[in-house]
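Work through the exercises below with the sequence and the coordinates open. Each task is followed by a solution in steps.

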Amino acid sequence: MGKRAELLHNARCMWTRLALAFSLLLSLAAFAQVDPLSNLSGTSPAVGASPWIRSGSGSLTFFHGFDIHATHLSQTGPEEQENATFSTNWFGAGAQLALGERAFVLGRGRISLEPYTIDDSYPQFFQYVPEDGLVDHMRPHDLFGEVAVQVGFRPTNATLLSVYGALVGQPALGAAPAQLRASGIDFAEAPFTYELLETTHDSTSVVTAGFASRFFTIEASMFHDGATTGDHTELDSGDMDSRSARLTIMPAPNLAIQVSRGELGVEGDLPLALQSDLTTASLTYGGPVASVTALWSSRSFPEDDARETVTGYAVELALRASRNTFMARVEQIDRPGGFPLAPRPAQDVEGATHYTAGYVFDIMPASRYKLGLGVNIDYRTKTRELEDVYGHKPQGIYTFVRLRS
């Protein structure tokens, strides 16, 4: 490593450690908004309609939420089409106990039954999950998405100090997961930027520290950048080998702007292949009619690693009116040279653009539970040179029944 690169690396480490130390002095882990129940997962900012249904009395509040898509996929393009029926889903529940007027303890859990409702993987043209060696397929979410306890204290009515600890959960890195965002919850399929923007949301051994006010939140985390393969039912627990810091600015109740940086696998004796730096930024708006999320992320690798920096962009939109929901997602993601026929991770990356459009008709629009019928159609550019394998204009058409709280 050259002297200049070493100085840059040391500066990055110092920035993360200062943010962590500052947050710890403020008391340990705040949420991205003052109301802890308005957070979807970990300490991510929840902007737009909340998925939680609340009940309770006195000092104890219970809440739960879920989303179930029962989906049939049909493909067009290749001569031998791969069709499938599967379900993407998650279920969450928890309870918050008030300790006087200013303190609370909150326990929360979230699981997905996808390891049992998806047969190894489901088809998705041009998806890439290198951890599992998947091309043109998407893996199930892990059985355990969050198992966490949070303790908080409010110095004033508009500020919050707390501690967040999770066996599995989300560190202070990036926006909320796609399946929990108001702009993304109705999609039946995973985003194509999944490997870059989503995988850190199921980290293990997470401790997050921070301070929240009405207008901004500063947080820092230590965690294990875990990864699961196989049947996706076990926790990849390990030492805290990663760290991150995040700043979220909330100029209005329905608007959040976040920037964050994580250094993954940098502690301990992990090989270079498991180390990387991840930088993210996002803007999220959630209103009664429109929910929008714009994301950017870049993953760089150690200087001695032959892999190129990988960058991804995504814009996600949901428009809701009475019984009708219209969704759209546009993504630009770097892929390794030769993708999808023969990915070569050490070669120059190539950009690919994906488009997904969808519609849901709600059968019970006034109910606390949303039952709807919908469809997603995806499309990718630059496929002419792949016609021998994928045919003319390969597409996936996902028709589904969706039930959520």
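The model is predicted, with local features needing pLDDT of at least 70 and side-chain atom pairs counting only at pLDDT 80 or more, while totals for chains, interfaces and linings use all residues. Residues are numbered from 1 along each chain as its sequence is written, and side-chain values use heavy atoms, with hydrogens and water left out.

**Exercise 1. Overall make-up**

Count the helices and strands of the protein, and find the share of its residues that count as buried.

Solution. Step 1: take DSSP runs, with helices as H or I of at least four residues and strands as E of at least two, numbered from the N terminus. This gives 4 helices and 19 strands. Step 2: call a residue buried under 20% relative accessible area, exposed over 50% and partly exposed in between (1.4 Å probe, protein chains only). Of the 405 residues, 52% count as buried. Step 3: define a contact as heavy atoms within 4.5 Å. Among contacts with a separation of 6 or more, 62% are between residues 24 or more positions apart.

**Exercise 2. A loop residue**

Locate H141 and decide whether H141 is buried or exposed.

Solution. Step 1: H141 sits in the loop between β6 (134-138) and β7 (144-153). Step 2: its relative accessibility is 15%, so H141 counts as buried. Step 3: with neighbours within four places in sequence set aside, the contacts of H141 are S112, E114, P115, Q179, Y194 and H232.

**Exercise 3. Salt bridges**

Find the partners of R139, R181 and D186 in salt bridges.

Solution. Step 1: require a side-chain nitrogen of Lys or Arg within 4 Å of a carboxyl oxygen of Asp or Glu. The structure holds 14 such bridges. Step 2: R139 pairs with D132 at 3.8 Å, N to O. R139 is buried at 6% relative accessible area, whereas D132 is partly exposed at 22%. Step 3: R181 pairs with E198 at 3.6 Å, N to O. R181 lies in the loop between β8 (159-169) and α3, and E198 in the loop between α3 and β9 (203-213), so the bridge ties together parts 17 residues apart in sequence. Both R181 and E198 are buried. Step 4: D186 pairs with R404, the closest N and O atoms being 3.2 Å apart. D186 is in the loop between β8 and α3 and R404 in strand β19 (residues 395-404), so this pair joins parts 218 residues apart in sequence. D186 is buried at 1%, and R404 is buried at 12%. Step 5: D186 and R404 belong to a salt-bridge network with R320, D362 and R402.

**Exercise 4. Nonpolar cores**

How many residues make up the largest nonpolar core?

Solution. Step 1: join buried Ala, Val, Leu, Ile, Met, Phe, Trp, Tyr and Cys residues through side-chain atoms within 4.5 Å. Step 2: the largest core has 12 residues, including A148, L173, F223, L264, L278 and I333. Step 3: a second, separate core of 11 residues includes I118, Y122, M138 and Y398.

**Exercise 5. The lining of the largest pocket**

Which element supplies the largest share of the lining of the largest pocket?

Solution. Step 1: α3 (194-197), β16 (324-337) and β17 (344-362) each supply at least two lining residues. Step 2: the largest share, 4 residues, comes from β16.
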